[in-house]
There are 2 protein chains.
Amino acid sequence: MIAPRPTGERIVVVGAGAFGTALACVVARHGDAPVTLLARDAAKASQIAATRCNAAYLPGVILPDTIAVTHAPEIIADATIVLLAVPAQAQGLAARQLSCHLGASTAVVICAKGMERESDRFLSAVVADSVARDRIAVLSGPGFAADIAKGLPTAMTLAAHDMAMADRLAVALWGPTFRLYASDDVTGVEIGGALKNVLAIASGIVEGAGLGESARAALIARGLSEMARFAVAHGGHAATLSGLSGLGDLVLTATSRQSRNMRFGLALGEGQNSAALAGAGQPLCEGALTAPVAVRLAQARGIDMPIAGAVADIIGGRMSIEAAMSALMARPLRDEAETSVATARRET
Amino acid sequence: MIAPRPTGERIVVVGAGAFGTALACVVARHGDAPVTLLARDAAKASQIAATRCNAAYLPGVILPDTIAVTHAPEIIADATIVLLAVPAQAQGLAARQLSCHLGASTAVVICAKGMERESDRFLSAVVADSVARDRIAVLSGPGFAADIAKGLPTAMTLAAHDMAMADRLAVALWGPTFRLYASDDVTGVEIGGALKNVLAIASGIVEGAGLGESARAALIARGLSEMARFAVAHGGHAATLSGLSGLGDLVLTATSRQSRNMRFGLALGEGQNSAALAGAGQPLCEGALTAPVAVRLAQARGIDMPIAGAVADIIGGRMSIEAAMSALMARPLRDEAETSVATARRET
């Protein structure tokens, strides 16, 4: 293990859910920077501080002694890096509420994956209402909170509009079991993170409907094309979507039952009703919120998104699973580089 | 369902293993062409013909009545399309033995994934010893025999050097549950099919060693880059590797315990010995045979293949699992488009 060098950073993680707690643990374990975990309310902060464990979200993980836990947002004033680890739909509000405490050069890292359904915007645009664009970064890629917290090897992407900022953040947060690769493709990285949740629902539907692993693999290959098409149309790079934060995260989320999005799709594929699933006290999974936003953005730019469209229609109650199967599996792979004219002939 | 049109083809499937039997079933079920299954020996042919079931390889699947079963290789003389569904290392011998019966314009479709270890060659080059290059095609992509045979939806790629030939074959073999996309990138398609087996072993090792699903997803993302690099250096197209026969098949094989290659890696990752696994009466899985060939071909052209190299070294007994973990997980993602200079700095 390489001895950490002092970076002079002071890190505050906002949000004591599973991902925020895992990030605080891994950063505190590897780095030299002081780490504070900022919980929403006093009771939760006291409970975590007293037990050194976030039993509700990360049972079995002991927080390093060096992590301070608080519920006082003023701590932000002292931070050089803020990790915004609240849910995607809460990122805008959190950024607004914290912005009055933010120092002039503090970096704000979006640690959530999705699109804001209220405004049909990417999270970096939402946070930019309250934080200067050149201080915003995005952390994304294939990393389950439990894997990160346990110290299993994970590799993720850290993107900022300015590569020097991305590098600085990668150095500050990096550890031997938590490998961060810097990128300046904020758009590509956040689109990969948002759309893979939608595709994970589709993957779950295919599995839940009993169509087999071969069908699921074909769907994932098509899904990557769909993600890349959407990203390139919005100014992202295709190569980003083929990397960790695109393909890597898609594979993780679309093949694992640890993923809430995948499990939601599984329940739909098994015939459960979307409205009933949403009504069971659980908030909708992120992919279910992102799907209609992605479809509206795609329609506005004329981007073909058959899989996201089918997911949005199923969740919205406008399409049956049976009809979706044909939309998801039976239509030609237009984007397969060498779509067969022969096959197209036979289908018409 | 679309009514099949007469294509005038006569199809012989060579090899009554799981994949050959599944192909015979799906083609006979959907198409109008007469289908014959050619088994290696008389006893096996009689048994399948009598029971209409290949109990050893595809238990529970009933062969359509229209499939003829024989062990007489002369039947090849009557075929317009021959599907070579024998194991990768047996493709050369099968092509040689059958070539004397082959009609002048009969198409020969390679239905195996691997590289010939005796000659360090791709299968299309091996078969070209006995069959004219313009009559050779390759069927590859994400399709487990059991899924194909059960009529679950599958999508695969059919490649020939000449696109008209690929189209003709896709029409003849296509069915509503068995979607075939034509390609003229024979090299890209066969490299994807061969290398995904090697990467599936790596994926199994990571899982067997308990490194978690996040690590496995990162490995798969890196593995796709490695496959694409190798393919492009050999004249294949990068887009082919991002499609069904590359990424699609990689995802299927590297995440499913139905895959022998993945299970072999799993056993290695759990600490079992490669020599002992091979000695247990089972032939080595295809990826274990392909890995050293791929490494030799890569070295000859100066292509960086860290994952295939680690797999070959583990199987060859030259590297421990512990050392491999660092080779597989800890080295920089050089091919991640935006490899962080910061991370590189920290590691040196």
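This report walks through selected features of a predicted model, from confidence to local packing.

## Basis and confidence

The model is predicted: local features need pLDDT of at least 70, side-chain atom pairs count only at pLDDT 80 or more, and totals for chains, interfaces and linings use all residues. Residues are numbered from 1 along each chain as its sequence is written, chains are lettered from A and ligands numbered from 1 in the order in which they are written, and side-chain values use heavy atoms, with hydrogens and water left out.

The predictor gives the complex an ipTM of 0.90 and a pTM of 0.91. Residues 337-348 of chain A fall below 50. Beyond near neighbours in sequence, this stretch has 36 contacts in the model (heavy atoms within 4.5 Å). Where pLDDT is low, the predicted coordinates should not be read in detail.

## Aromatic pairs

A search of the whole structure finds two aromatic pairs over all chains. Rings of Phe, Tyr and Trp (its six-membered ring) pair if their centres lie within 6.5 Å; planes under 30 degrees apart count as stacked, over 60 as edge-to-face and the rest as tilted. A:Phe122 and A:Phe230 have ring centres 6.4 Å apart and planes at 70 degrees, so this pair is edge-to-face. A:Phe122 sits in strand S7 (residues 121-122) of chain A and A:Phe230 in helix H8 (residues 213-233) of chain A, so the pair ties together parts 108 residues apart in sequence. Helices (H or I, at least four residues) and strands (E, at least two) are DSSP runs, numbered from the N terminus. A:Phe122 is buried at 15% relative accessibility. A:Phe230 is buried at 0%. Buried means under 20% relative accessible area, exposed over 50%, partly exposed in between (1.4 Å probe, protein chains only).

In chain B, B:Phe122 and B:Phe230 form an edge-to-face pair, 6.4 Å centre to centre with 70 degrees between the planes. B:Phe122 belongs to strand S7 of chain B and B:Phe230 to helix H8 of chain B, 108 residues apart. B:Phe122 is buried, with a relative accessible area of 15%. B:Phe230 is buried too, at 0%.

## Two crossing helices in chain B

H8(B) meets helix H10 (residues 244-255) of chain B. Their axes come within 11 Å and cross at roughly 145 degrees (lines fitted to C-alpha atoms over the stretch in contact, with angles from 0 to 180 degrees between N-to-C directions). H8(B) contributes B:Arg216, B:Ile220, B:Gly223, B:Leu224 and B:Met227 to the contact. H10(B) contributes B:Gly246, B:Leu247, B:Leu250, B:Ala254 and B:Thr255.

## Buried residues elsewhere

Helix H14 (residues 306-315) of chain A has nine of its ten residues buried, so it is largely enclosed by the rest of the structure. Among them are A:Pro306, A:Gly309 and A:Ile315. Just after H14(A), A:Gly317 takes a positive phi of about 75 degrees.

B:Asn261 lies in helix H11 (residues 260-269) of chain B. It is buried at 8% relative accessibility. Leaving aside neighbours within four places in sequence, B:Asn261 has contacts that include B:Asn197, B:Cys285 and B:Glu286.

B:Ala95 is found in helix H3 (residues 91-99) of chain B. B:Ala95 is buried, with a relative accessible area of 3%. Leaving aside neighbours within four places in sequence, B:Ala95 is in contact with B:Leu84, B:Val127 and B:Ser130.

Conventions:
pLDDT = per-residue confidence, 0-100.
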